[in-house]
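Subject: Structure for your attention

Dear colleague,

I am passing on the structure we spoke about, together with some notes on what was found in it. Please read them with the model open beside you.

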Amino acid sequence: SPISTRLPIFGERYFGRKEEVTRLIEISTNMEARASSKEKEASKEALNAVFVSGVAGSGKSQFVQTVGNFLSEGLGWIVIKSKFERGMEHGSREIVSSMFDQIIAYLVRMKESEMPSDVAFAKSASKSILDALGGDILSSMVDFLPSIPSLFGGIFNYQKSSGNMTSMQAAEYWNHQCINSLTKILDAVLELDRFIMIVGDDLQWADKTSVSLIVDLLVANSTCMSRRCLFVGMYREDEVEDDHPLSLQHSYLQMSNDVKTTEIKIGSLSKNDVVEMIMTQLGLPRRLVLELAAVVHKKTSGHVLFVVQLLNSLLRNSTIAYSTRFHCYSWDHNIIDAIQTGKGVAGFILSNFSSLPLESQHVLQVLSAFGTQIDTQLLQILENYQPGITSSLDSLLDKGILDQAGPLIIFAHDLIQKEIYESMPLAKRQLLHLDMGRLLGKIYQNAPTKGRTFSAGISMTSSTISLACDHIDSAGPQCARDKREKHRYAQWNLIAGEEHFCHSNFCAALYYFDQGVVFLDEGDFWSKKKETVLCIA
């Protein structure tokens, strides 16, 4: 049979951490056992909340994803997940929104399924949700759960119920209504003998309001939620100080009688884990990989991302290559032993980056300015800025630098995105952001409809004007050519802020209003532009 020309890619499968995996699966197994018991108590139990910690690149996300796949594919659990973004704290609410909207989207898919059992389930859950909340409350949640019209047919005539409340009162009202509504929506699904796993990744980058909303929801859990809902939160332990919002809320949960917290710490891979990884991916017996595994483990200290990056690099540069003579992969131990990796995973990522063709380097730099992921629709627009950007993707995907999930192009790890982005001089980063902001702002101004959205981070969407402002704000007011351009960018931030305010996203609205003020010179407060000034200020 013909030999595949595709190199094996390390990191696609999960290895090691058997004790941690077993521990998390045991929690889910105990939940199922209690829920199926004929001797159910009338009082509710404590909801299980598991917090997974470790340093960047230690494999937290892959660990939870492995368990989540087992629960969803093998046991029928519903797994909803979100990932917060570095530097995008003002977008945290959209991320939380996307996480819970996945439940509604799940019901929409079942409603449209060809399986009668799926359609019946969606119908029962939809009726329970409608009965519990009513049309008015459901309509008021459309901004937060945009899939509601797809499930219920968009039959609602929503009128905002916050009336003449102040912004603070409206925010408190919305938060209370949101928690109450989400609890009832979860109940409607869970009461139909379903289990739900809620996953929040990179919680260290979530804003205070979003962390509080998640924690309030966990504490306010119902009897059904406590038995059938599992929350798993991941964070980088070295980025969460004692006064961090997550640390404070975590301590609150630990003292709560309504939530049972479990801590799982993800450390380094053992030497045996590395042996198993190389054996499986290269299809070789243990005795042939022992020496290679020992060298790799020593050079990387078992840091998962470092192990994966090093092994993939050895394959790409043919240090590890398939031997047609011996019909297996082989390598020179002396060459591998001489490889210098003293700068750690960050330095190794940059050394691999610098060995790429210049065109690929520039494409990755452009992508890194958008965060860890980018919408493929947005990539088509960027062709106007960087011709050939889409045609470069295949090679970067093959090298394992980028991944693709549906319509999204994602960096294989946010550390890769971070190192590529920060490798650019500050002036180059600012110019890149300015170019992206101007391009997106122009699209917004010329668009026949202003409501177009793009993915702007894992689990987050952003309107064209918000995305334009994110880039312009990253460039800073010093990059504007003159006062007229500064005023234009202040107006854009005003529009973005008003857009979020209308959707009750007050934290994001305040962020854009504050950014707009930054673009206003002191003299603007007495200029003819006073309407914009007064609106922002």
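Helices here are DSSP runs of H or I with at least four residues, numbered from the N terminus. On that basis Q430 lies in helix α19, which spans residues 426-446. Please keep in mind throughout that this is a predicted model. Q430 is buried, with a relative accessible area of 17%, and, leaving aside its neighbours within four places in sequence, Q430 is in contact with S474, A475, Q478 and C479.

As for the chain as a whole, there are 23 helices and 12 strands, and 53% of the 537 residues count as buried. Among contacts with a separation of 6 or more, 74% are between residues 24 or more positions apart. The accessible surface comes to about 25200 Å², and carbon and sulfur atoms contribute 52% of that area.

Strand β1 deserves a careful look, since 8 of its 8 residues are buried, so that β1 is largely enclosed by the rest of the structure. In a regular strand, side chains alternate between the two faces of the sheet. Both faces of β1 are covered, with L47, A49, F51 and S53 buried on one side and N48, V50, V52 and G54 buried on the other. β1 runs parallel to β5, to which 7 bridges join it, and β1 also runs parallel to β4, again with 7 bridges. F51 stands opposite E263 in β5 and opposite G233 in β4.

Helix α9 (residues 245-255) packs against this region. Its buried residues are L246, S247, Q249, H250 and L253; seen down the axis of α9, they fall within an arc of 170°, so they line one face of the helix. The elements they pack against are β1 (47-54), α7 (208-219), β4 (229-236) and β5 (259-265). The face of α9 turned away from the buried side carries L248 and M255, which are exposed.

Turning to charged pairs, the count comes to 17 salt bridges. D414 forms one with R236, the closest N and O atoms being 2.4 Å apart. This pair links distant parts of the chain, with D414 in helix α18 (residues 414-422) and R236 in strand β4, 178 residues apart, and both D414 and R236 are buried. R236 also meets E239 in a salt bridge, at 3.5 Å from N to O; here R236 has a relative accessible area of 2%, whereas E239 is partly exposed at 34%. Another salt bridge joins the side chains of E419 and K418, at 3.7 Å from N to O, where E419 is buried with a relative accessible area of 12% and K418 is partly exposed at 22%. Salt bridges that share partners join K83, R86, D201, D202, R236, E239 and D414 into one network.

The structure holds 0 disulfides. C224 counts as buried at 16% relative accessibility, while C328 counts as partly exposed at 22%.

With best wishes

How values were computed
Residues numbered from 1 in each chain as written. Predicted model: local features only at pLDDT ≥ 70, side-chain atom pairs only at ≥ 80, totals over all residues. Heavy atoms only, no water. Helix = DSSP H or I, 4+ residues; strand = E, 2+ residues; numbered from the N terminus. Buried < 20%, exposed > 50% of the residue type's maximum accessible area, 1.4 Å probe, protein only. Contact = heavy atoms within 4.5 Å. Areas by Shrake-Rupley, 256 points an atom, 1.4 Å probe, with all protein chains shown as cover. Arc of directions from axis to C-beta. Disulfide = S-S within 2.5 Å. Pairing = 2+ DSSP bridges. Salt bridge = Lys/Arg side-chain N within 4 Å of Asp/Glu carboxyl O.
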